[in-house]
Amino acid sequence: MNNKEFIKLEKSAKRRNITKNTVIYTFLTLWGMIVLFPFYWMTLTSVKSYGSYNAENVPSFFTLSPTLDNYVNAFTNVSLGKYLLNTLIFTVITTAAMVVVITLAAFAFSRMQFKGKNLVFTLFLSLMMIPNELVIITNFTTITNFNMRNTFAGLILPSVMSVFYVYLLKENFSQVPDELYYAAKVDGTSDLKYLIKVMIPICKPTLITITILKVIECWNSYVWPRLVTDNQDYYLVSNGIQELRENGQGRENVPLMMAAVVIISIPLIAIFLVFRKKIMAGVARGGMKG
Amino acid sequence: MRVLLQNLTKKFPNRNKKEKEDVIAVNDFTFEIPDGKLVGLLGPSGCGKSTTLNLISGLLKPTSGKIFFGDDDVTNLPPENRGIGLVFQNYALYPHLTVRQNIIFPLQNLKGKNKLSKDQMNQKALEIAKLVQLDGLMDRKPNELSGGQQQRVAIARALVKIPRVLLLDEPLSNLDARLRLQTREEIRRIQRETGITTVFVTHDQDEAMSISDIIVVMKDGVVQQIGAPQEVYDNPSNLFVAKFLGTPPISIFTGSIKAGRLYIGNDNVCSVDIPDTAKVDVGIRPEGFILKEDGPLACKLDRVEVMGRDISVVSQHEAAQTTHIRSIISSDNKVDFGASQVRFSIKPNKLLIFDADTGNRITCNLQ
Amino acid sequence: MERDNKKAWLYLLPAILFIGVFMIYPLIDVFIYSFEEGYNSASQSDFGTGTFNFQYVLRDPYFLQALKNTFILVIITVPMSTLIALFISLGLSSIKPLRHLYQTVYFLPYVTNTLAVGIVFMILFKKTAYSDGMVNLLINWFGGESVDFIDGPYWAKMFVLCFYTIWVVMPFKILILTSALASVKEDYYNAAKIDGTPKWRVFTKITIPMISPMLFYLIITGFIGAFKAYSDSVALFGTNLNAAGMNTIVGYIYDMLYGDGGGYPSYASAAAIILFVIILTITCINLLVSRKHVHYS
């Protein structure tokens, strides 16, 4: 081969590269638009007034007279504020309780020696395969029998435990070298103090990831809250938004609904943008949409 | 196949984005590898030896300079058209394929008139496997093989297409000490039997010296010296090469030259034919020391290590640039372990003088 | 090391309490329920044990409709989403500029409320008396006829459900596949390059086998997740899924338990167990198939 042929080869390779990149970017951008369009549409619709939205026989892709009325109405006409508060209480208590429970359990599994440890741990692991749908039926009956429907206790208690996170945290705890524990023991540190002062700070990244994933799960939970609450005072956002829709009877106030959807979505999107790397790494390690 | 590297230069953009200056990995490298030789590229990590290998393979493109295989200019040729075989440091064996499938893999890519039938491929794979002595293990998966066996599969895969040039990147670094000795003999044997021009990269001078026909010593992207191993060892062109080659390492002293005599500290060692110099670096190979009661070099005896065939005498000298001087002498010599001082005379051909500023070798006649 | 029995159990106590009350007891209970015939949650009485609940459920047209819907959903969305995610991940791993931006955007659906965004999809696809909606506008542009995707023909409703399901599950799959692709060592590609391996062969003989464990993990979790579909459907078609003809197995379970047609925990239990058996069977088949085709290093 001589030099002229090389130049030809190189040029055609370059051309092929450009075509390839164009195809890839077009494809990726297309999917990006499919992902983003619903977000754009809900924001756009939420700033259209009720009247102007309903006057649109052909949907328009922008609005010249944006209004924030729908956002105001979302808090005054509809008790969205109440739903948000409920969801916040539910999320905070459930997540906090879960973190305490799984930390203690993971510590026992990773650090302590006791009879039946392997058996209990195997049992824990096998419970990961049990789908929620199988146990939710009895839980519903249990909560009803204890008269805990329409209470926070009824909402929270069955949602606290997560076997998978015990497993995840136990794996992380086990990576802390034994020497640290023995050193602390020699200094006369109690187990609990060791857990709080040494283990938790070292495993903080995992704990934060678990916390965020649980917060997302709580914020979006729908099925269980729907079963145990039929009083609007205890609705979470998912149920609230569903209620808002069903009561419209075909002639819903769409811009108001969209304003509510935007308000519900903002907290999680904000958390995601702040903790982007942590969340994506955490999910990659085995988070499933709960 | 003769391989010619002409003014080869490779620059990388600086990883630290604030610094605009490029990092020069290989700087103006010119070298001709004669046909059928085994060449070792040697140097500390980061010296550009792996980059040089990747330039020859075509995985990297040079910033400037040219590469010729025989009379063909291959500088702009993609790797697959160069006719090379490359053995990766971690072997890069496909873990999901058997030994046979791994070796056949390159053959299955042949197209057109070069296309082989299944039987021909198996035949070729078996021939190569026999050459590297793998013929009993053809149906194993890589993770069922020892490190040495994996290494041989990697070599077989690189050889099966009969490359014009075989390249090996740190071929022995993942093996344990015993296997390393065995495998380097193996590489030498395979290279001899096939007669394929071979270039390998290593940071282990022992390895390079023992099997190469030619070694190339590199530092910071610049070639320091090229030559036959013994030649480079005996006549290093600068202090860096002298220090890099040889175990135990060469001992370096600060010396001076007055009226045709070489002084190490205050010890008048020998006569030299260079003009007076206030400061020179003097290197003495460990085997250059001769135990002699009235020798010129007086050292404080630290300890004596018996190694069977040889004795290693560890001592100190005020002018030495290292805390310890190591000398190797035959175990026939009787050393007084309790003495506080030892005296040496020096073999002239094991004593090297370097410019204290540039580190370049000052060649001279010693008496 | 001495054994600290009592203390360990103390640490485990909260976890065991939660698991005992809300997981293990219900697990046993659901089997009992499912075989108790004619259990009435008001009077807490039943008239004997047997397989009547299962027979009832399997003959219930609503359940059969839910079963059909779920299977169609699974068969369409699992391969589609995995395949599209694979293409997107391949695209992502072959570009450098804007890569992080794309990754961030693609992940957004993961952190959104399925119910809330589902309503946006409903609005986009819905045809009302006043307006044909956004998607129909697009269809009209390309010269098509308007379709009511939310209250219209079955295939149109199924299309929206599949589309939304894929939209929701995509972030997880893209994330897993992108990191799987990134974990394939560069050396393998270099080795293949030196041998002049054609791109397609590199893809089928190296890339796919190397990421096969993750691909397979996605297919298994994809099957399990799709069989448990429910809230996507609620978001699009409202809570009365039986009326819309878009119920799923999980939806059927909840409807039996509570709501307008509810109050039959026995039927719900039987349906839940049927679902569990289906999932278990599919997962076992997947595992058997994978043993042949998946390479674990």
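**Exercise 1. How many residues of chain B are in contact with how many residues of chain C?**

Note that the model is predicted.

Step 1. Apply the contact cut-off: C-beta atoms, placed from the backbone, within 7 Å.
Step 2. Count both sides. Chain B brings 16 residues, and chain C brings 16 residues.
Step 3. Sort the chain B side that touches chain C. It holds 10 nonpolar, five polar and one charged.

**Exercise 2. Describe the contact of chain A with chain C, then trace the chain A side to its helices.**

Step 1. Count. Chain A gives 67 residues and chain C gives 75 residues.
Step 2. List the helices of chain A that each supply at least two residues of this side. Among them are helix 4 (80-111), helix 6 (132-145), helix 11 (204-220) and helix 12 (223-228). Helix 13 (237-246), helix 14 (254-274) and helix 15 (276-284) of chain A also qualify.
Step 3. Find the largest share. Helix 1 of chain A provides it, with 10 residues. This helix spans 3-46.

**Exercise 3. Locate the domains of chain B and characterise the contact between them.**

Step 1. Read the assignment. Domain 1 of chain B covers 3-244, and domain 2 covers 251-362.
Step 2. Take the C-alpha centres of the two domains of chain B. They lie 39 Å apart.
Step 3. Count the contact. Domain 1 of chain B contributes six residues, and domain 2 of chain B contributes seven residues.
Step 4. Classify the domain 1 side that touches domain 2 of chain B. Four residues are nonpolar, two are polar and none is charged.

How values were computed:
Residues numbered from 1 in each chain as written. Chains lettered and ligands numbered in written order. Predicted model: local features only at pLDDT ≥ 70, side-chain atom pairs only at ≥ 80, totals over all residues. Domains from an automatic or database assignment. Contact = placed C-beta atoms within 7 Å. Nonpolar A, V, L, I, M, F, W, Y, C, P; charged D, E, K, R; others polar. Helix = DSSP H or I, 4+ residues; strand = E, 2+ residues; numbered from the N terminus.
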